[in-house]
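Subject: Structure handover

Hello,

Here is the structure we talked about. Please open it next to these notes.

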Protein chains: 2
Amino acid sequence: MTSTAAPAGAARARVERAALALFASRGFDAVTADEVADAAGISRRTFFRYYPTKADAVWGDFAAHVDRLDGLLRAAGPDRPVLATICAAYAEVNDYGDDDLPVLRQRMRLILTEPALQAHSQLRYAEIDRVVAEHVARSTGEDPAGLLPRLVAASTRAAATTAFAAWLADDRTDLARQLHRAFDELAAGFPTLRG
Amino acid sequence: MTSTAAPAGAARARVERAALALFASRGFDAVTADEVADAAGISRRTFFRYYPTKADAVWGDFAAHVDRLDGLLRAAGPDRPVLATICAAYAEVNDYGDDDLPVLRQRMRLILTEPALQAHSQLRYAEIDRVVAEHVARSTGEDPAGLLPRLVAASTRAAATTAFAAWLADDRTDLARQLHRAFDELAAGFPTLRG
DNA sequence: AACGCTAGTGGCACCCAGTGCCAGGAGCAA
DNA sequence: TTGCTCCTGGCACTGGGTGCCACTAGCGTT
């Protein structure tokens, strides 16, 4: 594997691109794993070695994503408000270059739209929540399994996904702005509701 | 169907009880749909007519649940704070008698613990979010698809599920208290984080 | 050059969730 | 009895996911 004709992760990347394209054009359920494998030039069996489920092909290397988020949270100064730190970490982790933005849009549109992917996303979100809850626990000295860390993790993740949805619906605004809008509402206890 | 030997929904209830018991004792994935059907005394085919997926057998009549929530939100006075209304509605919908509490515990433990059910829950939560977001939209005059209604729906649902988790972890407190703790934190913008 | 080791690959068979189709059978009305 | 309707169960089929095994490519050893 170390150095075949193509570099190491090339096949994986090809699979991911093929999967995204097929799912986006024909719908997640209407595309079989065989078709994705064929389009990527590998066998069905190998496809399921790259990605344990069909849904995982949409997420790419999500573990690295979570690791980056974890690193950002651990590196954040303890003086900063916790919610601001989490918002900044979400924003930075999802700060793609202009070339990769269309891919991110396609990916998020699928995840937020297709029921099967929507369901699967909960499992991925749980990994994020774990990392965020641990950060809150470190910051406050509480048990990561306690109410507050879990609540902050779940709420901020709700804010993030809502921001993603708003960003998808409106092409003109950028993601960071939507994230800040959502987190500001959350941090202030939804002042708009009282107005 | 109108009146066979047993009342109409008896078979459905039997399926639900059998499913809950089997899933709780051996794990959701380790139990096949055939086994649940056998235990309930019906055929596999009929099982899938009662519940479209194996996971749905755990949720029982969830549509009625959502309808009740919707009714409570629509009936709430407009003078009351929105978050308080939502919290009260969540509490009332989940206010079971002492006899049914063990069933609720079993159900929620499965949903929050088993990965497959965790994933499936996202689809059910989406129905709740729709109803809550519409309520917020009615209260504020905004578009139900806008940022604020979606954000409030997602955040309050996060608070509710977190309260459920805390309730499951601690047998002594009741669910309503946990719901209020979580919603109070949320409504105040997590004051504990600043203390 | 021949040997063995290792790692990735693909084919095959299998299990299980979910679905479409069709053949009964129970109840009811005329 | 006949016809209609609704529920049920059996059967076959698709598709996701997995365990097993055989093959091959690369690489170091002798």
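A polar contact here is a pair of N or O atoms within 3.5 Å; within protein, one must be able to donate a hydrogen and the other to accept it, and residues adjacent in sequence count only if both atoms are side-chain atoms. This is a predicted model: local features need pLDDT of at least 70, side-chain atom pairs count only at pLDDT 80 or more, and totals for chains, interfaces and linings use all residues. Residues are numbered from 1 along each chain as its sequence is written, chains are lettered from A and ligands numbered from 1 in the order written, and side-chain values use heavy atoms, without hydrogens and water.

DNA strand C first. The side chain of A:Y50 has an N or O atom 2.9 Å from a phosphate oxygen of DNA strand C. For A:S43, a backbone N or O atom is 3.1 Å from a phosphate oxygen of DNA strand C.

By class, the surface near DNA strand C (a heavy atom within 4 Å) has seven nonpolar, four polar and five charged residues. Nonpolar means Ala, Val, Leu, Ile, Met, Phe, Trp, Tyr, Cys and Pro; charged means Asp, Glu, Lys and Arg; the others, Gly among them, are polar.

Buried residues (under 20% relative accessible area, 1.4 Å probe, protein chains only) in α7(B) include B:L104, B:M108 and B:I111.

Best wishes

Terms used
Buried < 20%, exposed > 50% of the residue type's maximum accessible area, 1.4 Å probe, protein only. Helix = DSSP H or I, 4+ residues; strand = E, 2+ residues; numbered from the N terminus.
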